[in-house]
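Here are a few notes from a look through the model. Have it open while you read.

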Amino acid sequence: MSRPLALALGLAALAAAAPAFAAPEIANAWMRPAAAGAASADAYADVRADAPLTLVAVRTPVARSVEIVVHDPKDRANPPRVVERLALPAGETRFALKGSVLRLVDLASAVAPGQLVPLAFEFVDASGARIVAETKVQVRGLVAAQPAGR
């Protein structure tokens, strides 16, 4: 067997033996409508990953920033808190109503029912590699009434 062929076969066997790592999946993403200029609006989603990851950022063009807000509704002693990074175990992590959320801060434009709002999740894996997973958040629910005089 020639040396280049043996090298190619060896690399192919090594790649086949390496565990396949799928990019994280973002599912069930939604949020309620919000007016342009609103101080904040919460978005919700399920993050599924094959391996532990760290969520380091979430971005959207409709808000100045997105905060990762951690809250355990069963732990009344600890109020919700904003974190810079969030370690996620393998499996599913939920950002859900009355729990941990993704808070869009200083909305630059209105989000209306039926609209799809882009969100980009940035993760870091155990090796330090950056992984980006993008999704569209469905806006659903009723538009909040505007205060009188507006």
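Is Lys98 buried or exposed? See point 2.

1. Ground rules. This is a predicted model, with pLDDT of at least 70 needed for local features and 80 or more for side-chain atom pairs, while totals for chains, interfaces and linings use all residues. Numbering runs from 1 along each chain as its sequence is written, and side-chain values use heavy atoms, leaving out hydrogens and water.

2. Lys98. It's exposed, at a relative accessible area of 70% (exposed is over 50%, buried under 20%, partly exposed in between; 1.4 Å probe, protein chains only). Lys98 sits in the loop between strand 7 (91-95) and strand 8 (101-107); strands are DSSP runs of E, at least two residues, numbered from the N terminus. Its phi is positive, near 70 degrees, and it isn't a glycine. Most residues other than glycine have a negative phi.

3. Asp106. Here's another non-glycine with a positive phi, about 55 degrees. Asp106 lies in strand 8 and is partly exposed, with a relative accessible area of 35%.

4. Aromatics. There are two aromatic pairs (ring centres within 6.5 Å for Phe, Tyr and Trp, the last by its six-membered ring; planes under 30 degrees apart are stacked, over 60 edge-to-face, the rest tilted). Trp30 and Tyr44 make a tilted one, 4.6 Å centre to centre with 40 degrees between the planes. That pair links strand 1 (residues 25-31) to strand 2 (residues 40-49), its members being 14 residues apart. Trp30 is buried at 15% relative accessible area, and Tyr44 is buried at 6%.

5. The other pair. Phe121 and Phe123 have ring centres 6.3 Å apart and planes at 10 degrees, so they count as stacked. Both Phe121 and Phe123 are buried.

Conventions: Helix = DSSP H or I, 4+ residues; strand = E, 2+ residues; numbered from the N terminus.
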